[in-house]
Amino acid sequence: MNNSNYILEMNNVSKTFPGVKALDNVNLRIRTGSIHALMGENGAGKSTLMKILYGIYTPDEGGVVLLDGKPFQPNSPIDAIRSGLAMVPQEISPSANLSVADNFYLGREITKGILMDQKQMNAETTKVLDELGIPMEVDVLMSEVSVAQAQLLAIATAVSYDAKIIIMDEPTTALTESEVHRLYKIVRKVQERGIAIIYISHKLGEVFELCDEVSVIRDGQYIGTKNTADITKEEMINMMVGREMDEMFTRDSVDIGEVLLEIKNLNLPGKFENINFNVRKGEVFGIAGLVGSGRSEIVEAIFGYVPAESGEVIIHGEKVDIKQPMDAIKHRIGFVTEDRKKTGLMLNMSVTDNMIMPDLLPYLESGLVSDKLASAVSNQKKKQLRIKTPSVDTIIDNLSGGNQQKVLIARWLLLEPEILILDEPTKGIDVGAKAEIYKLIIELAKAGKAIVIISSEMLELLALSDRIMVMAEGRESGIVDRADATQEIILEMAAGDTAEQALEHAHQNEPSIKNDQQNYKFEEVGQ
Amino acid sequence: MIATTTNAVRDMNYSAFFHKYGMVLILILLFTVLSFNIEGFASFRNIFSILEQVSMFGIIAIGVTFAIVTAGIDLSTGSIVALASVVAATLVTGSEGYGMTLVAFGGAMLVGGFCGLINGTITAYGRIPPFIATLGMMTAARGFAQLFSDGRPVDASSDAFTSIAGTSVFGIPGLVIIYVLVAIACHTMMSRRTFGRHVYAIGGNVNTARICGVNVEITLVKVYVLCGVLAGLAGAMLTSRAFAGNPTFGNMWELDAIAAAVIGGVSLAGGVGSVPMCIVGALIIGVMNKGLNMLGVDPYWQQIIKGMIIIGAVLLDAQKRKKS
């Protein structure tokens with residue numbers, strides 16, 4: 001029998017994908033009946049680790065996973081569930097057209113003869129929900145239940161499967177303050193039953209309030225495990241981000257020229273209103289704000305992907321009419337979108353095809369696309385941006401995130417844009433590729449391009465941008481200069497304060513540590 | 001150690017090879033097995049007869065391949081064959097000389113193209129799924145064909161017109177020559193022209209295609225017009241071969257065309273496929289039809305076998321995608 005007090009031990013677990021080591025000798029030990037936070041930035045490897053646990057990925061040779069003291073290597077989620085693991089995913093997708101009880105019993109319906117026993121299912125569901133203190137009508141349709149309720153139902157479902165460990169992946173992303181507190185209560189009730197919980201989050205407040213222990217992984221490496229009682233917030237942030245920006249990047253100064261892009265009174269009701277800013281040649285212009293603050297919608301409007309309803313876009317002093325992306329391309333704007341999979345890549349096409357798609361004309365020979373010309377050009381970009389791929393004919397799906405991103409940047413560089421818009425250009429890519437992309441951005445600014453960059457990573461924005469516009473709920477809170485910008489000021493403006501107010505507060509609260517090395521993420525603000 | 005590495009490399013090459021040429025191998029295998037079992041199966045005469053039968057729905061399959069690669073579909077091609085056949089027959093009947101023949105072929109392709117234009121416009125600008133848009137056209141075009149011909153066959157007696165299907169050059173039937181020419185032109189268009197690259201881009205990721213400045217709507221309209229034109233051409237070819245147009249022509253051909261593309265490995269999920277793939281698929285169907293006929297297999301059983309092969313091909317495609 002299991003005589004250690006760990007319900008789960010993962011020792012020296014590694015996972016290699018083609019071209020990238022997602023996990024490198026990671027350890028995770030979960031005590032029976034504890035709430036254990038798993039922390040790390042986007043792309044740190046948290047979800048890869050959980051997918052191994054859930055039987056979706058097979059780990060590399062050499063690691064050991066023990067569940068209840070016994071070796072554990074699930075082949076599928078069903079395997080994992082049978083062994084006592086349950087996952088409450090970040091985005092719950094219940095069957096909206098079935099009732100609460102039907103969802104609770106989905107896949108293991110109670111039957112009486114050849115029919116389902118609806119009465120029994122309703123009664124049993126009510127019983128389990130009551131025990132956990134989740135008040136919910138069980139016969140209403142799932143479509144009428146809030147996200148928070150759906151989440152609690154998912155937890156109850158996990159409990160009813162006799163789970164020993166429940167994995168919760170950023171459960172509070174879509175919850176309001178009061179809903180979060182109710183969630184905590186339920187989670188503690190679950191814990192009282194001796195069930196361990198792996199709580200994935202990057203909200204510090206939550207981890208301190210709810211969790212007993214915390215393990216941190218960063219860039220696929222195991223950093224450490226601590227008792228939440230023995231560690232300060234600052235120490236935890238340091239574990240998460242290290243001092244990477246400092247080591248990775250120092251910015252050269254760039255000569256800034258005349259105004260190249262000017263935005264006047266840009267409006268798209270429901271998304272953003274009355275946006276005004278300009279970007280100069282050689283300038284890196286940052287846009288900050290919470291997810292959903294309208295920051296991505298603004299650049300999508302400028303590029304004509306989802307055009308604004310009113311307002312002016314002025315390039316080189318002349319008003320331009322951009323109704324669709326091809327108009328923007330004609331005005332030599334490049335746009336690396338936020339979501340690589342959704343709006344960036346053509347996953348089943350080659351690196352070359354992904355690169356050349358916006359303009360095939362240079363590769364035509366008597367009206368036909370010359371693959372020779374195209375691969376010559378993409379090979380050159382491959383070398384220039386150090387894109388790691390066996391060949392430019394490789395299907396892009398086989399590249400790592402960082403290299404895919406480089407291909408997408410190369411796509412626009414081929415058009416020699418004057419204006420380059422980058423929406424979260426370093427999301428989900430490894431540190432090495434990040435550093436290269438930072439360098440590239442500054443090189444492009446030096447070459448006289450106007451760069452617009454959106455990022456959720458504060459340090460990244462502060463390090464790169466000459467000026468930063470901060471968005472709050474679709475409105476422009478203000479624009480701060482590089483010299484004045486600190487994380488505190490931007491956070492305050494992202495909450496709706498004007499630049500003047502934020503600067504004033506910063507002066508009152510001296511000494512403020514300017515550009516300190518802790519990379520706060522916007523997600524932490526809500527706490 | 002070295003041995004295992006090279007083995008691994010070789011295994012990978014094998015699987016890549018099967019991935020790419022699996023259906024060609026199956027075609028060769030099928031043909032070889034039938035040749036050993038049926039006397040005269042491997043003769044030129046028989047091969048050309050197979051090709052001639054394949055040529056018409058094979059041409060439709062080429063158009064449908066474009067639609068499927070954009071992650072769309074065209075169900076109306078069979079009905080367009082019928083409509084085009086009665087139009088071509090009406091135009092050409094009683095005439096002499098190749099002038100009217102050209103007019104008849106042109107008219108058939110024009111009518112087909114017009115149907116395709118409607119399909120494409122409804123799909124691209126009306127944002128109606130192509131399955132529904134072309135399902136409507138499938139019913140409507142058949143109705144128009146009946147209306148136009150009073151529900152009766154239309155005589156297409158014109159020596160020049162029927163000679164298109166009747167003559168052969170060096171033993172190669174006229175219809176096969178048309179098939180080969182269309183295949184070369186469409187293959188070039190798909191693999192080498194900007195239009196073809198945009199077709200792949202739309203099937204690969206329509207959002208990205210838009211971001212890259214591809215005019216998605218116009219490209220889709222072109223795709224469905226091409227489908228219609230090729231179906232119209234097939235209608236004229238069939239009329240030339242049958243000496244008549246008939247509103248019942250082309251029944252279920254749309255499904256044979258889709259089957260040819262799918263068996264050849266064109267992915268219904270979009271983004272993957274080519275003209276050669278769809279030719280291989282059409283040839284597999286053609287060889288199998290002929291072989292089963294010559295073996296005297298019950299036609300009911302022939303349908304059952306064909307159905308199973310289609311399902312098998314789709315399963316294979318799903319398997320491939322799961323692996324990658």
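1. Domain bounds here come from an automatic or database domain assignment. For chain A that assignment gives domain 1 (6-94 + 145-242), domain 2 (247-332 + 417-524) and domain 3 (349-416). Taken over C-alpha atoms, the centres of domain 1 of chain A and domain 2 of chain A are separated by 34 Å.

2. A word on the model and its labels before going on. This is a predicted model, in which local features need pLDDT of at least 70 and side-chain atom pairs count only at pLDDT 80 or more, while totals for chains, interfaces and linings use all residues. Residues are numbered from 1 along each chain as its sequence is written, with chains lettered from A and ligands numbered from 1 in the order in which they are written.

3. Chain A, overall. You will find 19 helices and 24 strands in chain A, where helices (H or I, at least four residues) and strands (E, at least two) are DSSP runs, numbered from the N terminus. Chain A has a radius of gyration of 25 Å, close to the 24 Å of the globule rule for 527 residues, so it is as compact as a globular protein of that length. That radius is taken over C-alpha atoms, and the rule is 2.2 Å times the number of residues to the power 0.38. Along the principal axes, the C-alpha atoms of chain A fill a box of roughly 75 × 60 × 45 Å. Of its 527 residues, 46% count as buried; a residue is buried if 20 or more other C-beta atoms lie within 10 Å of its own, exposed if 12 or fewer, and partly exposed in between, with C-beta atoms placed from the backbone.

4. Chain B, overall. Chain B has 13 helices and four strands. Its radius of gyration is 20 Å, which agrees with the value near 20 Å for a compact globule of 324 residues. The C-alpha box, again along the principal axes, is roughly 80 × 55 × 35 Å for chain B. Buried residues make up 51% of the 324 residues in chain B.

5. Contacts within each chain. Two residues are in contact if their C-beta atoms, placed from the backbone, lie within 7 Å. Among contacts with a separation of 6 or more, residues 24 or more positions apart account for 68% in chain A and for 80% in chain B.

6. Where the chains meet. In the interface, 21 residues of chain A are in contact with 18 residues of chain B. On the chain A side, the elements that give two or more residues are α11 (325-330), α12 (340-344) and β20 (368-369). The residues on this side divide into 14 nonpolar, five polar and two charged. In this grouping Ala, Val, Leu, Ile, Met, Phe, Trp, Tyr, Cys and Pro count as nonpolar, Asp, Glu, Lys and Arg as charged, and the others, Gly among them, as polar.

7. The cores. A nonpolar core is a set of buried Ala, Val, Leu, Ile, Met, Phe, Trp, Tyr and Cys residues joined through C-beta atoms within 7 Å. The largest has 186 residues, and those with the most contacts inside it are I421(A), I451(A), A88(B), L230(B) and A234(B). Helix α10 (residues 216-242) of chain B gives the most to this core, with 15 residues. Domain 2 (247-332 + 417-524) and domain 3 (349-416) of chain A both give residues to this core, so it lies between them. A second, separate core has 68 residues, including L85(A), L153(A), A156(A) and Y199(A).

8. After α1(A) comes G55(A), with a positive phi near 80 degrees. In chain B, 15 of the 16 residues of α3(B) are buried. Helix α3 (residues 77-92) of chain B reaches 22 Å from its first C-alpha to its last, close to the 22 Å expected at 1.5 Å a residue; the expected span is 1.5 Å times one less than the number of residues.

9. Backbone spots worth a glance. D162(A) is not a glycine, yet has a positive phi of about 60 degrees. This residue is in the loop between α5 (147-160) and β9 (165-169) of chain A, and D162(A) counts as exposed with 12 C-beta neighbours inside 10 Å. E416(A), also not a glycine, has a positive phi of about 45 degrees. The loop that holds E416(A) runs between α15 (401-413) and β21 (419-423) of chain A.
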